[in-house]
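Visitor: I am new to this structure, and I would like to understand the grounds for each term that is used about it. Could we go through it together?

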There are 2 protein chains.
Amino acid sequence: MLLEQIKSPEDLKKINKNELSVLAEEIRNVLIKKISRCGGHLASNLGIVELTVALHYVFDSPKDKIIFDVSHQTYVHKMLTGRVAAFLYEEHYDDVSGYSNPEESEHDFFNIGHTSTSVSLACGLAKARDIIGTKEDVVAVIGDAALDGGEAFEGLNFAGELGSGLIVVVNDNDMSIPENHGTLCSHLSQLRGCNGKVENNYFESLGFEYYFVKDGHDIASIVEVFRKVKNTSRPVLVHCCTQKGKGYHFAEIDREKWHWAHQFDIATGRFISNVPAENYGAIAGDYLIKKMEDDPRVVVVAASTPLCIGFNAERRKLAGKQYVDVGIAEQHAVSMTAGIAKGGGKPVFATNCTFYQRAYDQIEQEMCITKCPATMIVTHAGVFGHTNNTHVGLYDIALLSNINNLIYLAPTNREEYVAMLDWSIAQENNPVAIRVPWNGVHHTNRQVSKSYCKTKYNIVMQGEQVAIVALGSFFQLGEEVVSLLNEKIGIEATLINPRFITGYDKALLDALKDKHKLTVTLEDGILVGGFGSKIAQYYSTSNMRVMNCGFSMDIPNSYKPEELLEKNRLTSNQIVEDIITVMRDIGEN
Amino acid sequence: MLLEQIKSPEDLKKINKNELSVLAEEIRNVLIKKISRCGGHLASNLGIVELTVALHYVFDSPKDKIIFDVSHQTYVHKMLTGRVAAFLYEEHYDDVSGYSNPEESEHDFFNIGHTSTSVSLACGLAKARDIIGTKEDVVAVIGDAALDGGEAFEGLNFAGELGSGLIVVVNDNDMSIPENHGTLCSHLSQLRGCNGKVENNYFESLGFEYYFVKDGHDIASIVEVFRKVKNTSRPVLVHCCTQKGKGYHFAEIDREKWHWAHQFDIATGRFISNVPAENYGAIAGDYLIKKMEDDPRVVVVAASTPLCIGFNAERRKLAGKQYVDVGIAEQHAVSMTAGIAKGGGKPVFATNCTFYQRAYDQIEQEMCITKCPATMIVTHAGVFGHTNNTHVGLYDIALLSNINNLIYLAPTNREEYVAMLDWSIAQENNPVAIRVPWNGVHHTNRQVSKSYCKTKYNIVMQGEQVAIVALGSFFQLGEEVVSLLNEKIGIEATLINPRFITGYDKALLDALKDKHKLTVTLEDGILVGGFGSKIAQYYSTSNMRVMNCGFSMDIPNSYKPEELLEKNRLTSNQIVEDIITVMRDIGEN
C-alpha cells in the first residue's frame with residue numbers, strides 16, 4: 001500500500017506521478033472504511049482527495065502554509081501529513097480530531113470549524129511573511145458554499161491590497177450542505193459550463209488572476225496549474241471543479257445525506273445508527289409546515305442548516321416560497337429575518353447554536369434595538385449537541401441572554417417547545433429566541449403555559465430549604481437532584497422550571513427567601529455570563545446563598561458528554577454532594 | 001424658503017423640477033449651520049443632498065421603503081420626511097437623533113448605526129412584500145465603503161434569489177472614514193473613470209442590472225434613472241458618484257477630518273471644541289509608532305477607524321507597511337490579525353468598542369481557541385464613549401470577558417495602559433484585549449505592574465468591612481466612593497484595582513473574607529454577564545455579600561453620560577447611600 005509509506009509530504013513527492021491515482025484510490029477506500037465505522041464528513045472528503053494530493057505534491061508544507069476553510073475536509077490532508085495511522089488502524093481512529101488542529105501537527109495552523117475565514121487567515125500569514133521577509137507560498141482552500149459567507153468576500157476584497165502573493169483554491173463541488181444558494185453559485189456554475197470564461201468574472205473583478213481546472217479529480221491537470229502559480233507575487237485564484245461524494249456511489253447520488261455520515265454499511269449504504277424517530281428536528285418541521293399552511297405570512301429562513309428544524313428536501317418543497325435558504329450567511333439571515341418581521345411577515349430563523357456567534361451584532365442591533373418580532377430557533381445547544389470545541393453549544397446563553405429586548409426561552413420538553421413556538425410566532429412585540437433542549441425528547445402531562453409575555457418561572461414542586469432552578473435541557477437533571485436530595489438527607493427541595501433565560505421573576509425569587517437558604521441553578525452552558533450568574537447577582541446583597549452549576553469555559557478539542565459532565569461536577573450525585581457541603585457550611589455559620 | 005414648506009415627501013413632489021437645485025442649496029446651508037452648532041456627520045450628509053432629494057421626488061415613502069445603510073447620512077432624509085424643524089430651529093435641534101429611528105417617523109424602519117446591513121434588511125422587506133402580495137419598491141442606499149463589509153456582499157449575493165424587485169443605490173463618494181481600501185473600491189474607481197463600463201463588472205457578476213450616474217449632484221439625471229428603475233421586478237443597482245463634503249470648502253478638502261465634525265466656525269472652518277491635547281488616541285499612536293521602529297514585526301491593523309489609536313494620516317505614513325487598514329471589515333480584520341500572530345508577527349488590532357460586536361465569532365474561534373498572541377485595543381468603551389444606543393460602549397465586557405483563553409485587561413490610567421500594551425505585544429501565549437479608559441486621561445505615581453501573565457488584582461488601599469473593586473474607567477469613581485464612605489460613616493474601605501476583567505485573583509478574593517462583609521464592584525458596562533457578575537458568582541456560596549454597580553441594558557436612543565450615570569445610581573453619592581443600606585441590612589441579620 002502506497003499510503004502506508006507516507007509519513008510526511010516529502011514521502012508523497014517521491015511517488016511516481018503515474019501512481020498518484022493509485023494512491024488516491026487507496027485514500028478513498030480508507031476514508032470510506034473509517035467513516036463507516038466512526039461517522040464523519042464523508043462526501044466532502046471524498047471530493048477533495050485528488051486536490052489535496054496535488055497540493056502536497058506541489059507545495060512544501062509546513063514551510064508553505066495551506067489553510068483549509070471550515071476544515072472538515074482535512075482528512076486527506078491529515079493522512080498526508082504524518083497522521084495516516086489514525087485512518088488506517090482502528091485502534092488509532094481517535095488519535096485525530098475531525099478538524100484542523102495545531103496541537104496535532106505543524107501542518108495545521110488554526111483550529112477551524114466555522115466557514116469563510118481561510119482567505120483572511122491566509123492574508124494574515126502572508127502579511128507576516130512579508131514583514132519578516134521570508135518567501136513561502138500561502139494557500140487558502142475554500143469551498144464554493146463558503147464563498148457565500150461575508151468574511152470570504154472581505155478576505156478576497158483585501159487580498160489585492162497585500163501587494164504580494166496569495167493563492168486561493170476554490171474547491172467547487174456545486175453544493176452547500178443542502179443545495180447551493182446565492183447568485184455567486186450560479187456564477188460559478190456558469191463558469192463551469194464555459195470552461196472558466198464568462199463576461200463578468202467575479203474573481204477578476206476583485207483583482208485576482210484566475211485559473212480554471214475543469215476536472216478536479218485529474219491530478220495531473222491540477223498539479224500543472226499549481227506549478228504555474230507556485231511562488232506567485234500576486235493574488236491568484238484556482239477554480240477547481242470537483243464532485244462531492246466522488247467514488248462512493250450512494251454519496252454521489254445523495255450528497256446532502258452524506259455530507260456528514262453516521263456509521264453505515266458500506267455495501268448497502270444504510271446508516272447503522274439512525275436518528276431516533278422522535279427528534280426535535282422533525283417536531284419543528286411538522287409544526288412549521290402546518291403553521292405555514294395556516295398562515296401565509298410565516299416564512300422559515302435557513303442558513304445552510306435546514307435539517308436542524310427538519311427541513312429536509314420534502315418539507316422544503318412543501319414550504320415553497322415560505323422557505324428561504326440564504327446559504328452560509330448568518331449575518332444576512334438575521335438582518336433579513338428582521339426585515340421580514342418589520343415588513344409584516346412572521347419569520348422563523350433557525351440554525352445550530354454555534355453559528356449564532358456569527359450574527360451577534362445583527363441580533364443585538366437590527367433585530368433587538370428595533371424590536372423586530374421574529375423567532376430564532378437555537379438547536380444543538382448544550383453538552384449533547386456538537387462535541388468539539390469549535391462547534392460546542394455551551395456559549396449561547398452568555399452570548400444571547402445579555403442582549404436588551406431579546407426574550408430567550410428554554411423549553412424543557414416537547415409540549416413546552418411547541419407552545420413557545422406558537423406564542424412566539426403569534427406575538428408582535430419582541431424578538432424571541434428558543435433554545436431547543438438537545439438531551440432527547442421528553443414529554444410532560446403537566447399543563448404548559450401558552451403565554452410568555454411576562455417573565456414567570458414555574459414552581460413544579462414546592463419544598464423548602466433548597467430551591468433547584470433547573471433550566472431547559474437540565475430540567476430532568478433537576479428532577480434527579482431533587483429526588484436524590486430527599487433520599488440522601490431528607491430535604492424536600494423546591495423544583496423550579498424557569499422557562500426564561502432572560503429577565504427575572506422577581507416576585508418568585510423574593511418569595512423563595514422565606515423558606516429557602518440555598519438556591520441552586522443548573523444550566524447546560526458555561527457558568528460565566530450565564531443564567532446562574534444572573535440569579536447569583538440578583539441575590540448577592542441578600543442572605544440567600546446561591547450555587548451555580550454549569551460548565552467551565554475550557555472545552556476540550558473533542559469530548560464525550562458524560563465525561564465533560566463529570567469533569568464539571570454535573571452528575572446528580574456530584575451536585576447533591578456539593579449541595580450537602582454548602583448546606584453544612586450554612587448551618588455552621 | 002422652499003424647505004420650510006416641506007412637511008412630507010408629498011410636498012417635495014409639488015416643487016417644480018427646476019427649483020430642486022435651489023432646495024438643495026437651502027438644505028446644504030441648513031446642514032452646515034446646524035452641525036456647526038451641534039456637531040454631527042457633516043461631509044457624508046453634504047454629499048448625499050441631491051441623491052436624497054431625488055429619492056423622495058421619485059419614490060413614495062413610506063409606502064416605498066428606503067433603507068439607509070449606517071444611517072449617519074439620513075439628515076437630509078429627515079428634513080424631507082416631516083422633521084425639518086429639528087434642523088431649522090435651534091430650540092428643536094435635539095428633537096431628532098443622528099441615525100434612522102422608527103420612534104421618530106414612519107419613514108424610518110430600523111435603528112441602524114453599524115454598516116453593511118441595508119441590502120439584507122431590504123431583502124427582508126422585499127420578501128415580506130412578496131408573500132403579503134403588495135407592490136411597493138424597496139430601496140437600499142449604501143455607501144462605497146460599506147460595500148467592504150461582508151454582510152453587504154451576503155445581501156447582494158442573495159438578492160438574485162428573491163426572484164423579484166429590489167433597488168440598491170450605491171452612493172459612491174470615493175471615501176471610507178479615512179481613505180478607501182479593498183479591491184472593490186479600486187473597481188468602483190475604475191467604473192467611475194470609464195462611465196460605468198468595464199470588462200468584469202462586480203455587480204453584474206452578482207446578477208444585478210447596473211445603472212451608472214456620473215454626476216450624483218445633478219438631480220435631473222438621478223431622477224431620470226430612478227424613474228427608469230421604479231417598479232422593477234428584479235434586482236437593479238444604481239451606481240451614483242457623489243462628492244463627500246460637497247458644497248463646504250473645508251470639508252471638500254479634508255474629508256476625513258470632516259466626516260464627523262465637532263462644533264465649528266463656518267467662516268474659518270476651525271473647530272471650536274478641540275480634542276484635548278492629551279488623549280488616549282495620541283498616547284497609543286505615539287507609543288505604537290515608537291514600537292514599530294524598534295520591532296519590524298509590529299503591525300497595526302485598522303478597520304476604517306484608525307483615529308481611535310491616533311493613526312492620523314501622518315502616523316499612517318510613518319508606519320508604512322507596518323500599518324494595514326482593511327476597510328469596514330472587522331471579521332476579516334480579526335482573522336487576519338490572528339494570521340499575522342500565527343505567522344510570527346506582532347499584530348495590534350484596534351477599533352471602537354461597539355464594532356467588536358461584528359467579530360465575536362472570529363475572536364472566539366480563530367483568535368482564542370487557537371490562542372494567537374495578538375493585541376486588541378478596545379476604544380470608546382464605557383458611558384463616556386459614543387452616547388447613542390447603536391454605538392454605546394457598554395456591552396463589551398459581557399461580550400468579551402466570557403471567551404476562553406482571552407485575557408481582557410482594564411487599565412485605570414495612562415501609565416498602566418502603556419505597561420499593558422508593552423506586555424501584551426511582547427508576550428507570545430495569549431490573545432489580549434485592552435479596554436482603554438475613556439473617561440479622560442488620568443495619571444498615577446504608583447508603580448504599575450509590568451507583567452499580566454497571572455490574574456492579580458492590586459490592593460491600592462487596605463481597609464476593612466467594605467471592599468471596593470473599581471474596574472478600569474470606574475477606578476476614579478472608586479476612589480471617590482472610598483473617600484465619601486469614610487466621610488459619611490467612618491468606614492475605611494479597601495480599594496482594589498482589579499486590572500483583569502477575565503479570570504479571578506482567587507487568593508485575594510478569599511483573603512478578603514477575613515475582614516470584609518461586603519464587596520462592591522464598580523464597572524463601566526452592563527451588569528448582566530459583566531465583571532461584577534463573576535465576583536457575585538465567586539462569592540455566591542459564601543458569607544460575603546456582593547453589590548454590583550453598573551448599567552442596566554436599556555440604553556436610550558441618545559443620552560447624556562451624567563444622566564445615565566444618575567439613572568443607574570452610579571454617582572458616588574448614590575453608591576455610598578446604597579452601600580449604607582446594605583451594611584445596615586447585614587448588621588441586622
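Visitor: Which residues of α13(B) are buried?

Guide: In this predicted model, the buried residues of α13(B) are B:Tyr280, B:Ala284, B:Gly285, B:Leu288, B:Ile289 and B:Met292. Around the axis they cover an arc of only 155°, and therefore they lie on the same side of α13(B). On the other side of the helix, B:Lys290, B:Glu293 and B:Asp294 are exposed.

Visitor: What covers the buried residues of α13(B)?

Guide: The cover includes β8, α14 (313-319), β10, β11 and α18 of chain B. In turn, what covers the buried residues of α18(B) includes α13 (280-294), along with β8 (298-302), β10 (346-352), β11 (375-379), β12 (407-409) and β13 (432-435) of chain B.

Visitor: What makes the buried residues of α18(B) a group on the same side of the helix?

Guide: The residues in question are B:Glu416, B:Tyr417, B:Met420, B:Leu421, B:Ser424 and B:Ile425. They cover an arc of only 160° around the axis, so they are placed on the same side of α18(B). As for the span of this helix, residues 414-426, its 13 residues should reach 18 Å at 1.5 Å a residue, and the end C-alpha atoms are 18 Å apart, which agrees.

Visitor: Why are the buried residues of α19(B) said to line one face of the helix?

Guide: In α19(B), the residues B:Phe475, B:Leu477, B:Gly478, B:Val481, B:Val482 and B:Leu485 are buried. Seen down the axis, the buried residues fall within an arc of 145°, and so they line one face of α19(B). Their cover includes β14 (458-461), β15 (465-470), β16 (494-497), β17 (516-526) and α23 (572-588) of chain B. Just after α19(B) comes B:Gly490, which takes a positive phi of about 70°.

Visitor: Which residues touch the most other members of the largest nonpolar core?

Guide: They are A:Ile468 and B:Ile468, in a core of 386 residues. Leaving aside residues up to four places away in sequence, A:Ile468 touches A:Gly478, A:Val481, A:Val482, A:Ala493, A:Thr494, A:Leu495, A:Ile496, A:Val520 and A:Leu522.

Visitor: Why is A:Gln462 called exposed?

Guide: A residue counts as exposed if 12 or fewer other C-beta atoms lie within 10 Å of its own, and A:Gln462, with 12 such neighbours, therefore counts as exposed. A:Gln462 is found in the loop between β14 and β15 of chain A. Its C-alpha atom is separated by 8.5 Å from that of A:Ile496, although the two residues are 34 residues apart along the chain.

Visitor: Why is B:His380 called buried, and why is A:Lys371 called partly exposed?

Guide: The cut-off for a buried residue is 20 or more neighbours, so B:His380, with 21 C-beta neighbours inside 10 Å, counts as buried. A:Lys371 has 19 C-beta neighbours inside 10 Å and therefore counts as partly exposed. A:Lys371 is in the loop between α16 and β11 of chain A, and it has a positive phi of about 55° although it is not a glycine. B:His380, in the loop between β11 and α17 (396-400) of chain B, also is not a glycine and has a positive phi of about 55°.

Visitor: What makes the relation between the two chains that of a two-fold axis?

Guide: Chain A is superposed on chain B by a rotation of 180° with 0.0 Å of shift along its axis, and the RMSD is 0.0 Å. That is the relation of a two-fold axis.

Visitor: How do you know that the copies meet through the same surface?

Guide: Of the interface residues of chain A, 99% are also interface residues in chain B, so the copies meet through the same surface. The contact takes 95 residues from chain A and 94 residues from chain B. On the side of chain A that touches chain B, the largest share, 11 residues, comes from α7(A). By class, that side has 34 nonpolar, 44 polar and 17 charged residues.

Notes: Residues are numbered from 1 along each chain as its sequence is written. Chains are lettered from A and ligands numbered from 1 in the order in which they are written. This is a predicted model: local features need pLDDT of at least 70, side-chain atom pairs count only at pLDDT 80 or more; totals for chains, interfaces and linings use all residues. Helices (H or I, at least four residues) and strands (E, at least two) are DSSP runs, numbered from the N terminus. The expected span of a helix is 1.5 Å times one less than its number of residues. The arc is that of the directions from the helix axis to the C-beta atoms. Two residues are in contact if their C-beta atoms, placed from the backbone, lie within 7 Å. Copies are superposed by least squares on the C-alpha atoms of residues with pLDDT of at least 70 in both. A nonpolar core is a set of buried Ala, Val, Leu, Ile, Met, Phe, Trp, Tyr and Cys residues joined through C-beta atoms within 7 Å. Ala, Val, Leu, Ile, Met, Phe, Trp, Tyr, Cys and Pro count as nonpolar, Asp, Glu, Lys and Arg as charged, and the others, Gly among them, as polar.
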